[in-house]
Amino acid sequence: YDVVIPNAFDPDMFVPVPPNKKENYFLYIGRLNDDKGVGIAIDITKRLGIPLKIAGQGNPDRFLKGQPHVEYLGPLGVDARKEVMAKARCGVVATHYVEPFGGTAVEIQMSGTPVISTDWGVFPETVLHGVTGYRCRTLEQFVWAAKNIDKINPHACREWAINNFSLDRVAL
C-alpha cells in the first residue's frame, strides 16, 4: 500500500514518424486555460517565429487574438491526436500548477516527440531532462529549450516512454 502506480499507455496507440517526416510546428494539447501553460507555449513560439498548433477543449478566442502563428485544431479524436503528436517537432506542457501526472507529456514522448515542460510536479519523473526533452523554470529556459529541441533524439523519447509507462512495464 505504499507504492505509486503511474498511468499506463499502450505503445501501439502512438505511431512515431521518422525524424525527416516531422513538420515545423510545436504542439500544445490540453485544456485551454491559463494554468495548463498554453500562454507559455504561445509566448515561446512567437519569440522564435515557430508555428504553434493548439488542440483541446475550451474557448480558444483569447489565445488566438493577435497570434497569427497559432492554429487551433479543436478537440481531436484518437487518430488525429496520434498524427499531430507524432509530426510535431516538440510538445509544450508548461503547467503552472503541481501537475499530478500529466499524461499528455508521456503520450507525446511515446509518439517519438520531445517535450518541453515545467520542472515541478510530476515532470521530473516523466520528462528526462536532456534526453526526452527539457524541464524549465523560467521563460529564458523555455526559449533556450525551444532553440535546442532538435538536439533531442525522437527515438530516445519513444523508447524511454515505453520502458517506463507502457502497459507491460506498469503491470510489473
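The model is predicted: local features need pLDDT of at least 70, side-chain atom pairs count only at pLDDT 80 or more, and totals for chains, interfaces and linings use all residues. Residues are numbered from 1 along each chain as its sequence is written, and side-chain values use heavy atoms, with hydrogens and water left out.

The chain contains eight helices and six strands, which are DSSP runs numbered from the N terminus (helices H or I, at least four residues; strands E, at least two). Along the sequence they follow the pattern β-α-β-α-β-α-β-α-β-α-β-α-α-α.

In overall dimensions, the C-alpha trace spans about 50 × 35 × 30 Å along its principal axes. Of the 172 residues, 50% are buried, meaning under 20% relative accessible area with a 1.4 Å probe, protein chains only.

The largest pocket holds about 220 Å³ of space. A pocket is an open set of points on a 1 Å grid over the protein atoms alone, where a 1.4 Å probe fits, with protein on both sides within 12 Å along at least five of seven lines; lining residues have an atom within 4 Å of a point. Its lining comprises 19 residues, with I29, G30, R31, R81 and T104 nearest the centre. Helix 4 supplies the largest share, three residues.

Methods:
Grid points are joined across faces, edges and corners, and a volume is the space filled by probe spheres set on the points.
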